[in-house]
Amino acid sequence: MATVEMVMPKMGESVMEGTVLSWLKHVGDTIEEDESILEVATDKVDTEIPATHAGVLKEVLANEGDVVEVGKPVAIIETNGEESAPVAVLETANNQDNPVEQANELLETAISTASSESNGHNVPRTSESGKFFSPLVRSIAKEENISMDELESIAGSGKEGRVTKNDILAFIEARKHNKVNTASHVKPQSSVPFTAFAPMPISVDGKDEIIEMDRMRKMIAERMLASKHISPHVTSFVEADVSKIVIWRNNVKDEFYRREREKLTFTPILIEAIIKSIKDFPMINIQVNGDNIVKKSAINIGMATALPSGNLIVPVIHNADQLSLIGLTKKVNDLAIRARDNKLKPDELQGGTYTVSNVGSFGNEMGTPIIMQPQVAIMALGAIQKKASVVETPEGDMIGIRSKMFLSHSYDHRVVDGALGGMFVRKVADYLEAYDINRKI
């Protein structure tokens, strides 16, 4: 018999730790290779982790609720093979071919291991108030001469307020410019100090129900607040006549389903128009990095998806401009289904460059969506409604029944002015209104 250590896998770019939610197997259970044995949560997604080897689960090294750094052991599997060294789960991030990223990850792991072995270079693992600091954070604190009082003052963006590497690096950068004191903190992706205001007190009586936020709702609340702090939001609205799209879809949806075994919704058709508009106005597909603007080469479309729990998740269609309408339809349907079943992979929740939110699915005519950082724009798609409209004909203007919808375009006024933001949403409407009703599928 041989034993193999199974370690916490790296589950995406910038993910340095995971929280054990539950064990799907128990000590003594027989397991197959690639069979899911535990569920892990990160700040991006909840996911099931497969076994690296077939055998028997001999020992569990991390309890439910424990936060484990990437590369640290979580279980020991007894196999029928020869004795072997500890084996890590394969990374799910697509960075195996990038030597720079690999080198950075190895360096961070080495720093983390070294600081763990030396107890964080005398920086306590847990503060007097009970705040936990990872080995990597403690190592950075030691190198930058950050006191415990300063560490305590950093508002962590990790689970349960834990200080992450990005948090402490942002603190250091802000401190260099004298922008941080014990009462303020700079969030990642922001160059302006973020002041934490005390919440307004509320009164509660015995008839009120108190519902604790789940982990995902806390994460959504934090990110929405951070986005409003980082980006000055402006929203432009355009009402588009989508009658041609409605007619075309009604004519082809049955044949489309028979041939592709996929339902043709309006979402991929609308996303296709947005992709075309991004190609016309590439300065919408940007991100802000300090005083620099990063013009993204890839067009990765995030699609906000409501979950049965009432929470929201945003899976990403990577390289969406390279997909046909059939490809977009299959991708949209697949991501939506797996999002609701909590089966998305970590990589499918990151890398977005522009986001779409279909508020029309809830019967809403329009909305003012909040930008997904570090993107600079997002579009809300309203409900399609039949309306009496003025229609221009060779015989003159007439009143007709048309299918219309509102497009709501929110953008970051730091880098997107009203002209660009307004022209972009108008261009999307132009593509929708000029749709070819004779298009073949």
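In what order do the four strands of the open sheet with antiparallel pairing stand? The order is β1-β8-β6-β3, and the edge strands are β1 (2-7) and β3 (30-31), each of which pairs on one side only. Helices (H or I, at least four residues) and strands (E, at least two) are DSSP runs, numbered from the N terminus, and two strands pair if DSSP finds at least two bridges between them.

The model is a predicted one, in which local features need pLDDT of at least 70 and side-chain atom pairs count only at pLDDT 80 or more, while totals for chains, interfaces and linings use all residues. Residues are numbered from 1 along each chain as its sequence is written, and side-chain values use heavy atoms, with hydrogens and water left out.

## The chain as a whole

The secondary structure of the protein chain comes to nine helices and 20 strands. Of its 441 residues, 43% count as buried, where buried means under 20% relative accessible area, exposed means over 50%, and partly exposed lies in between (1.4 Å probe, protein chains only). The accessible surface is about 23500 Å², and 51% of this area belongs to carbon and sulfur atoms; such areas come from the Shrake-Rupley method with a 1.4 Å probe, and for residues only the protein chains shown count as cover. Among contacts (heavy atoms within 4.5 Å) between residues at least 6 apart in sequence, 62% join residues at least 24 apart.

## Strands and their partners

Strand β2 (residues 17-23) is largely enclosed by the rest of the structure, because five of its seven residues are buried. Three bridges join β2 to the antiparallel strand β7 (residues 67-69), and four join β2 to β4 (residues 36-41), also in the antiparallel sense. Threonine 19 stands opposite valine 67 in β7 and opposite alanine 41 in β4.

A hairpin is formed by β12 and β13, with two residues between the strands, and in this hairpin glycine 290 takes a positive phi near 65°. Strands β12 (residues 286-289) and β13 (residues 292-295) pair in the antiparallel sense over four bridges, with asparagine 292 as the bridge partner of asparagine 289.

## A helix and two isoleucines

Helix α4 (residues 165-176) has twelve residues and reaches 17 Å from its first C-alpha to its last, close to the 16 Å expected at 1.5 Å a residue; the expected span is 1.5 Å times one less than the number of residues. Buried residues in α4 are Asp167, Ile168, Ala170, Phe171, Ile172 and Ala174.

Isoleucine 378 is found in strand β18 (residues 377-381) and is buried, with a relative accessible area of 4%. Not counting residues up to four places away in sequence, isoleucine 378 touches Tyr354, Thr355, Pro369, Ile370, Ile371, Ser408, His409 and Ser410. Its C-alpha atom is separated by 9.2 Å from that of threonine 368, ten residues apart along the chain.

Isoleucine 202, by contrast, is found in the loop between β10 (194-195) and α5 (215-230) and counts as exposed because its relative accessibility is 71%. Together with Val204 and Ile210, Ile202 makes a nonpolar surface patch of about 370 Å²; patches consist of residues with over 30% relative accessible area and no salt bridge, like charges being joined within 9 Å and nonpolar side chains (Val, Leu, Ile, Met, Phe, Trp, Tyr) within 5 Å.

## Salt bridges

Side chains of opposite charge can pair when their charged atoms come close. A salt bridge is a side-chain nitrogen of Lys or Arg within 4 Å of a carboxyl oxygen of Asp or Glu, and by this rule the count comes to 13. The table gives some of the pairs.

| Glutamate 260 | Arginine 259 | 3.0 Å |

Glutamate 348 lies in the loop between α8 (325-340) and β17 (354-357) and arginine 338 in helix α8, so the pair ties together parts that are ten residues apart in sequence. Both of these residues, glutamate 348 and arginine 338, are buried. Glutamate 260 is buried at a relative accessible area of 19%, whereas arginine 259 is partly exposed at 41%. Arginine 426 is partly exposed at 31%, as is glutamate 433 at 29%. Salt bridges that share partners also join Glu239, Glu365 and Lys387 into one network.
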